[in-house]
Amino acid sequence: MIASLLLGRKGSVGFPGKNVYPVLGRPMAWYPMDAAKRSGVVERNFISTDDEELMALAEASGVEVIKRPDYLCTKEALGEDAYKHGYEEICKRIGCTPELLVLLFCNAPTVSPEQIALGVENLRSNAELD
């Protein structure tokens, strides 16, 4: 099983609301969600967030919501800790360790389905890659 984990925190200081800011008529976070869904390789998609708007967008897009705990929603919280929490929650929900986990960010609208599929292909074909 290949899953994707999208990270998006509500409390941006430099650009409040950036993850739901409209880009070409859609919230910025919609693009990486859509890319993972259309990649042809990701079987389940998840988002780790504390943002109600992102939760609603995810649910409308068929992305499963992981409510991020408060201690991971501060500007001091490390992305690695949010990633670990999301990974552990995904493992619980799918009942196993995923073969691969595609890590995406809500503020990265330029990722494409082709990039995700190529990344998975490269990882599968070369065991030395991480």
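**Basis.** I am working from a predicted model, in which local features need pLDDT of at least 70 and side-chain atom pairs count only at pLDDT 80 or more, while totals for chains, interfaces and linings use all residues. Residues are numbered from 1 along each chain as its sequence is written, and side-chain values use heavy atoms, with hydrogens and water left out.

**Overall form.** I noted four helices and six strands, and along the sequence they follow the pattern β-β-β-α-β-α-β-α-β-α; helices (H or I, at least four residues) and strands (E, at least two) are DSSP runs, numbered from the N terminus. The radius of gyration, taken over C-alpha atoms, was set against a globule rule of 2.2 Å times the number of residues to the power 0.38. For 130 residues a compact globule would come near 14 Å, and the protein has 14 Å, so the two agree. Along the principal axes, the C-alpha atoms fill a box of roughly 40 × 35 × 25 Å.

**Surface.** I recorded an accessible surface of about 7300 Å², of which 52% belongs to carbon and sulfur atoms; the areas come from the Shrake-Rupley method with a 1.4 Å probe, and for residues only the protein chains shown count as cover. Of the 130 residues, 42% count as buried, with buried meaning under 20% relative accessible area, exposed over 50%, and partly exposed in between (1.4 Å probe, protein chains only).

**Strand β4.** I then turned to β4 (residues 44-49), which is mostly covered, five of its six residues being buried. Strands count as paired if DSSP finds at least two bridges between them. β4 pairs with β1 in the parallel sense over six bridges, and Arg44 in β4 is the bridge partner of Ala3. β4 also pairs with β5 in the parallel sense, over four bridges, with Ile47 standing opposite Val65 in β5.

**Cores.** A nonpolar core here is a set of buried Ala, Val, Leu, Ile, Met, Phe, Trp, Tyr and Cys residues joined through side-chain atoms within 4.5 Å. The largest has 23 residues, and those with the most contacts inside it are Met33, Ile47, Leu54, Val102 and Ile116. Two or more residues come from each of β1 (2-8), α1 (30-38), α2 (52-60), β6 (100-105) and α4 (113-125), and α1 gives the most, with five. Another core, of nine residues, lies apart from it and includes Ala3, Leu5, Leu7 and Ile66. For Val102 I listed the residues that it touches, leaving out those up to four places away in sequence: Ile2, Ala3, Ser4, Leu5, Val42, Ile116 and Val120.

**Cysteines.** The structure holds zero disulfides. Cys91 is buried, because its relative accessible area is 17%, whereas Cys96, at 39%, is partly exposed.

**Asp70.** My last entry concerns Asp70, in the loop between β5 (64-67) and α3 (79-94), which counts as exposed because its relative accessibility is 66%. Its C-alpha atom is separated by 9.9 Å from that of Thr49, 21 residues apart along the chain.

Technical notes. Contact = heavy atoms within 4.5 Å. Disulfide = S-S within 2.5 Å.
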